[in-house]
Amino acid sequence: MPLSHRLAELDAFLLELNRASAAVILPLFRGDHGIENKAGKGDYDPVTLADKGAEAEIRRLIALTYPDHGVIGEEMGEDRPDADFVWVLDPVDGTRAFVAGLPVWTTLIALRFEGEPVLGSIGQPFIGEVFIGQAAGSRLVTAGGERPLKVRAGQPLADAIIATTDPEACFGRAEMEAWKQLRAASRLARLGCDAYAYAMVAAGTVDLVVESRLKSWDVEAAVPVIAGAGGLVTDWTGAPIGRHGGQMAIAADRPLLDEALEALRGAAR
């Protein structure tokens with residue numbers, strides 16, 4: 001069966017995964033979420049029962065429905081990562097926002113085919129949104145229906161709304177200087193939105209997102225969603241973002257990306 005035909009079936013399954021993970025996560029949001037610190041002494045990397053429970057449920061459904069598919073997840077590692085189809089999971093991206101009770105955390109689910117992300121979703125179940133996409137198109141799914149997603153092209157950096165999560169925590173010295181240059185040149189900058197900012201680029205309300213120190217599960221869901229909405233996802237040199245994450249730029253169009261890369265390339269690594 002051609003991949004294009006398979007994607008319709010897999011798209012429906014992706015929405016099912018979002019519903020199932022939301023059923024695990026939402027009762028714990030702004031509640032007793034059982035937070036733990038995964039990091040060593042002196043650092044902070046929170047994980048909650050929501051992260052663990054949602055990933056376990058997603059993995060259970062994948063194993064039941066597509067037992068030949070692989071899975072890579074932030075909390076539970078790799079299972080058949082070299083399969084033709086591999087799901088890449090971040091059940092609660094933005095755990096710090098989650099534990100603070102801020103509804104900008106998301107559930108990120110991507111599907112690779114032969115090593116490349118071909119389908120992805122950015123879900124925010126507290127608000128009731130799933131941004132889902134593939135190269136052929138992206139859409140926002142809510143309880144009220146669906147609508148197509150399209151980036152806001154044509155904004156120069158001087159008029160752009162830009163975002164990153166936490167520059168002081170995530171950027172090195174050269175990266176911070178690049179961010180300061182972008183922020184000074186832009187119209188408006190927002191911080192702390194995690195992957196929800198990616199969705200806002202697809203929705204046409206944010207124009208540029210730059211991030212660093214990302215893992216594969218932070219990156220891969222964004223690639224099909226942004227591509228389907230007409231945007232671009234690259235590293236800080238302008239090359240396609242690697243499967244292992246690192247530095248990422250999401251832009252509404254090529255001219256804006258090229259402007260941003262003038263600042264970012266000097267800090268690329």
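Is Lys180 buried, partly exposed or exposed? At 47% relative accessibility, Lys180 counts as partly exposed, where buried means under 20% relative accessible area, exposed over 50%, and partly exposed in between (1.4 Å probe, protein chains only).

## Basis of the model

This is a predicted model, in which local features need pLDDT of at least 70 and side-chain atom pairs count only at pLDDT 80 or more, while totals for chains, interfaces and linings use all residues. Residues are numbered from 1 along each chain as its sequence is written, and side-chain values use heavy atoms, with hydrogens and water left out.

Helices (H or I, at least four residues) and strands (E, at least two) are DSSP runs, numbered from the N terminus.

## The eight-stranded sheet

An open sheet is formed by eight strands in the order β4-β3-β5-β6-β7-β8-β9-β10, with mixed pairing; two strands pair if DSSP finds at least two bridges between them. Strands β4 (77-79) and β10 (145-148) stand at the edges with a single partner strand each, so one side of each has no neighbour in the sheet. On average, neighbouring strands of this sheet are turned by 15° against each other, direction ignored. Axes are lines fitted to C-alpha atoms, for helices over the stretch in contact, and angles run from 0 to 180 degrees between N-to-C directions. Thr142 has Gly145 in β10 as its bridge partner.

Helix α1 (residues 3-25) lies across β5 (85-93), β6, β7, β8 (129-134) and β9, and runs at about 30° to β7. Helix α6 (residues 196-203) lies across β6, β7, β8 and β10, at about 65° to β8.

## The five-stranded sheet

A further open sheet has five strands in the order β12-β11-β13-β15-β14, and its pairing is mixed. Its edges are β12 (188-191) and β14 (232-234); each has a single partner strand, so one side of each is left without a neighbour in the sheet. Neighbouring strands here are turned by 15° against each other on average, direction ignored. Strand β13 (residues 208-214) pairs with β15 (residues 246-251) in the antiparallel sense over five bridges, and Val209 stands opposite Ile250 in β15.

Helix α5 (residues 173-185) packs on the sheet and touches β11 (161-164), β12, β13 and β15, its direction making about 155° with that of β11.

## Helix α2

Helix α2 (residues 49-65) has 17 residues and reaches 24 Å from its first C-alpha to its last. This is close to the 24 Å expected at 1.5 Å a residue, the expected span being 1.5 Å times one less than the number of residues. At its start, a side-chain oxygen of Thr48 reaches to within 3.1 Å of the backbone nitrogen of Ala50.

The buried residues of α2 include Ala50, Ala54, Ile58, Leu61 and Ile62, together with the charged-pair members Glu55 and Arg59. The side chains of Arg59 and Glu55 meet in a salt bridge (2.9 Å, N to O), that is, a side-chain nitrogen of Lys or Arg within 4 Å of a carboxyl oxygen of Asp or Glu. Being four residues apart in α2, Arg59 and Glu55 are separated by about one helical turn. Arg59 has a relative accessible area of 14%, and Glu55 is buried at 0% relative accessibility.

## Other salt bridges

The structure holds 11 salt bridges. In helix α5, Glu177 and Lys180 lie three residues apart, about one turn of the helix, and their side chains meet in a salt bridge (3.8 Å, N to O). Glu177 is partly exposed, with a relative accessible area of 46%.

Arg80 and Asp79 also meet through their side chains (3.4 Å, N to O). Both are partly exposed, Arg80 with a relative accessible area of 38% and Asp79 with one of 32%. Asp11, Arg139 and Glu146 are linked in a network of salt bridges.

## Positive phi values

Most residues other than glycine have a negative phi. Glu114 has a positive value, near 50°; this residue lies in the loop between β6 (106-113) and β7 (116-124) and is exposed at 57% relative accessibility. Arg213, found in strand β13, has a positive phi near 60°.

Conventions. A polar contact is a pair of N or O atoms within 3.5 Å; within protein, one must be able to donate a hydrogen and the other to accept it, and residues adjacent in sequence count only if both atoms are side-chain atoms. Contact means heavy atoms within 4.5 Å.
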